[in-house]
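Hi,

Here's the structure I promised to pass on. Have a look, and my notes follow below.

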Amino acid sequence: MDVSFMDEIEQHGGTYRDVDGKEEDLLTILKLNDTNAIRLRIWNDPVGGYCNLERTVEVAKRIKAQGLQFLLDFHYSDRWADPANQWKPKAWENLSYEQLKLAICTYTADVLRTLKEHDALPDMVQVGNEITPGMLWDDGRVGGEEHDTDEQWQRFAGLVKYGIAAVKSVDPSIQIMIHIDRGGDNAESRKFYDRFEALGVEFDVIGLSYYPWWHGTLDALRDNLNDLAKRYGKPINVVETAYPWTLEQPEGIEWIMNQEDMLLPGYPATVEGQTRYLKDMLQIIRDVPGGLGHGFYYWEPAWIPSKEEWSVGHPNNWGNLTMFDFKGRKLESFKALTAAQELNVTTFV
């Protein structure tokens with residue numbers, strides 16, 4: 001599970017409960033319900049402080065205390081990095097390309113050394129988040145007529161390589177994930193990873209985001225995972241996914257996923273529909289050739305309303321895509337994970 005909002009929600013009064021209504025630590029609930037890994041994002045110098053290094057250390061120590069695996073997601077930004085936003089952190093805005101490479105290397109290594117000092121080193125690291133269009137714009141920007149050039153791809157790959165080198169300098173055993181957003185788009189996925197392969201970017205795990213209303217059908221996901229496994233021979237992780245358990249919108253709230261026609265046919269916006277989605281997606285991952293279906297992370301299953309403004313600084317447009325209800329009570333859709341464990345399937349959620 002990606003629970004990067006957990007710290008902020010807890011600090012502003014949010015609590016979590018199992019189905020019996022008993023209040024419990026979120027990570028304890030997740031572990032008892034067959035979660036075996038946690039993903040956190042890290043921002044360089046975010047407004048409000050959450051997801052910075054100081055707070056990441058505190059949450060990472062809790063993850064390790066629970067015996068859970070830990071994936072750290074470097075955004076290399078002070079805010080969201082995604083296909084529409086790959087902006088440099090403010091402190092790096094005026095650096096030259098060569099200085100930027102050194103900044104990535106130094107920052108990445110410093111973060112990981114700090115975590116190591118607190119016995120909270122991640123098992124896996126993402127060098128960038130949904131980096132389909134590159135990272136650290138405009139130096140590492142790719143795509144589109146202006147930026148889709150060999151020179152820009154080389155600059156982009158150079159930035160990523162410096163991040164990877166920094167990770168390995170701290171601990172060579174840390175796995176490297178390269179994450180893009182094209183879970184159901186095989187042509188664009190192949191284009192991206194073919195480029196990285198040609199440019200000599202060495203990494204361990206392919207990471208894909210897959211949200212059906214943006215990225216296509218489950219069949220498209222299956223076809224892409226199967227092809228990428230055969231083509232590159234690397235483990236693949238659906239490192240972001242979600243599905244709604246309701247379309248009900250509290251007054252004054254507008255969900256990002258809020259229309260019937262955005263749903264997959266046969267998967268209603270109910271707890272049962274969410275459960276069916278998870279089971280069927282897990283089966284697709286389970287069936288990836290060569291056992292290369294590594295698992296999945298559910299994106300922000302616990303992003304619940306924590307006070308009137310729904311998570312300070314980040315208005316909540318995701319509360320119907322969680323795996324907890326609006327009051328923080330665990331949904332029955334967790335049984336999809338239990339079923340996977342009973343089948344002796346490794347899932348990273």
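This is a predicted model: local features need pLDDT of at least 70, side-chain atom pairs count only at pLDDT 80 or more; totals for chains, interfaces and linings use all residues.

How many bridges join strand S4 to strand S5? There are 4, with S4 (residues 69-74) and S5 (residues 124-127) running parallel. Residues are numbered from 1 along each chain as its sequence is written, and side-chain values use heavy atoms, leaving out hydrogens and water.

(Strands are DSSP runs of E, at least two residues, and helices runs of H or I, at least four, numbered from the N terminus; two strands pair if DSSP finds at least two bridges between them.)

Both strands belong to an open sheet of 7 strands with parallel pairing, in the order S3-S4-S5-S8-S9-S10-S11. S3 (37-42) and S11 (293-296) are at the edges with a single partner strand each, so one side of each has no neighbour in the sheet.

Now the core. Leu 72 turns up again: with Leu 112 and Val 160, it has the most contacts inside the largest nonpolar core, which has 100 residues. (Such a core is a set of buried Ala, Val, Leu, Ile, Met, Phe, Trp, Tyr and Cys residues joined through side-chain atoms within 4.5 Å; buried means under 20% relative accessible area with a 1.4 Å probe, protein chains only.) A second, separate core has 7 residues, among them Ala 37, Leu 71, Met 124 and Val 205.

Cheers

How values were computed
Buried means under 20% relative accessible area, exposed over 50%, partly exposed in between (1.4 Å probe, protein chains only).
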